Amino acid sequence: MKVAIVGAGICGSVLAYELIKKQHHVTVYDKGSTEDTCSYAAAGMLAPVAELESANTDVYDLGLRSLNLWPKILDELSQQGASIFYRSTGTLVVAHHQDLGSFQQFSQGIRAKLPNDHQQAVESVNVLDLEPELENFNTGLWLKHEAQVDSHQVLSALHANIRKNGDWVCRHVRGIKPHVVDGEVYDWVFDCRGLAAKADVPLYGVRGERLLLHAPEVNLQHMVRLMHPRYRLYIVPREDHHYVVGATEIQSADNGPVSVRSALELLSAAYSLHSGFAEARIISMHSGVRPACLDHQPYIHIVKGLTRINGLYRHGYLLAPAVIEKALTHPDFLFQSQGQTDEYSI
Ligand SMILES: Cc1cc2nc3c(=O)[nH]c(=O)nc-3n(C[C@H](O)[C@H](O)[C@H](O)COP(=O)(O)OP(=O)(O)OC[C@H]3O[C@@H](n4cnc5c(N)ncnc54)[C@H](O)[C@@H]3O)c2cc1C
């Protein structure tokens, strides 16, 4: 099949990867400037349990499915020569003494949504047993099975795979219709433009900002979430004492640079977690706008010749493999059934 994908964020890139594996002839259109995309700003956490705080159990189920799919994808990419940092030591949730109310609320919220037979995914722990340098904290919550990938490394490996095994067109696409991209005809077209698709998909933007620090004095092995009544912080340890610190969540489609206020809040919270961040160097600051539907669910919409996949909101890395799997195995999709396809939303 001759297939076009518009948008090479994490959604379009994982989709291209799966379609190339299935031997389709894939053309990916992207307007370029990867560093401005939402997928480039992402911290790469694969955190289905922590996300349960604000997401529902459908997102949790898709997240668990993706947690199983990611290692296979990473393994295959590494066999092609890619080197992608992946760690599955889980997430440690902590709070300062004065914020224990937020911590309890988080803990009760996720335990209430977790199925009974998944309760063991969350364990109360002594923080120092897991992270000896977090000496200001006593009790924590360990979300054991959560993982992370280096989002930049994943994106660049997926893009290299597309360039090697498909066609890459660097262009701002103006017209997407069933079977057609800017006048070019395909057996099927996928629209994965993120927030740029908002004229065709009911989306709104949620701005997020995050920093990358190099902190040789900090040795953390787990993703750490700091509960706070006003702003939440997470720290994602990468290779060689690099730490992603994020993320703000602001109802805005503004994709401009990180604000002073956000940088101050994120950095102060990081310093309150571990004083070793005082001497850290700021390597980069990124912002992105998360494409969200009103119900915060992923969006799959299929008409004959055109599938739109969007609304990955806070969980694009977490959900992409499972959402793509769902879209490609849906019976109305051309590759399963050549018949007439009615309009269909999932
Ligand atoms: C600060 C921050 C931290 C985050 N952390 C995490 C995390 O830890 N874990 C997680 O799972 N998720 C995280 N997310 C969410 C995740 O980044 C998003 O859900 C995901 O990036 C959405 O991917 P997408 O491919 O749908 O959209 P995008 O990344 O926006 O990609 C859309 C692509 O379409 C292209 N495009 C748009 N219009 C056109 C056009 N007309 N022609 C051609 N190309 C076009 C763009 O160039 C872009 O490459 C985070 C988000 C932010 C902002």
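This is a predicted model: local features need pLDDT of at least 70, side-chain atom pairs count only at pLDDT 80 or more; totals for chains, interfaces and linings use all residues.
Biologist: Which atoms of S39 and R314 lie by the ligand, and at what distance?

Modeller: A side-chain N or O atom of S39 is 2.5 Å from a ligand oxygen. For R314, a backbone N or O atom lies 2.9 Å from a ligand nitrogen. The protein buries 96% of the 1000 Å² that the ligand exposes when taken alone (accessible areas by the Shrake-Rupley method with a 1.4 Å probe).

Biologist: How do you know which residues surround the ligand?

Modeller: A residue is near a molecule if one of its heavy atoms lies within 4 Å of it. There are 39 such residues around the ligand, and D30, S39, M45, Y313 and L318 are the closest. Helices (DSSP H or I, at least four residues) and strands (E, at least two) are numbered from the N terminus. Among the elements that each supply at least two shell residues are α1 (10-21), β2 (25-30) and α9 (316-329). Domain 1 and domain 2 each give at least three residues to the shell, with bounds from an automatic or database domain assignment.

Biologist: Why is the space lined by A8, D30, G32, T34, T37, H159 and W168 called a cavity?

Modeller: On a 1 Å grid over the protein atoms alone, a cavity is a set of points where a 1.4 Å probe fits but cannot get out; lining residues have an atom within 4 Å of a point. The structure holds one cavity of 30 Å³ or more, and about 30 Å³ of space lies in the largest cavity.

Biologist: What makes the second largest pocket a pocket, and what lines it?

Modeller: A pocket is an open set with protein on both sides within 12 Å along at least five of seven lines. About 190 Å³ of space lies in the second largest pocket. The residues that line that pocket include E18, K72 and P321, and α9 gives the largest share of the lining, five residues.

Biologist: How do the residues of that lining divide by class?

Modeller: Five are nonpolar, one is polar and five are charged. Asp, Glu, Lys and Arg count as charged, so E18 and K72 in the lining belong to that class.

Terms used:
Residues are numbered from 1 along each chain as its sequence is written. Side-chain values use heavy atoms; hydrogens and water are left out. A polar contact is a pair of N or O atoms within 3.5 Å; within protein, one must be able to donate a hydrogen and the other to accept it, and residues adjacent in sequence count only if both atoms are side-chain atoms. Grid points are joined across faces, edges and corners, and a volume is the space filled by probe spheres set on the points.
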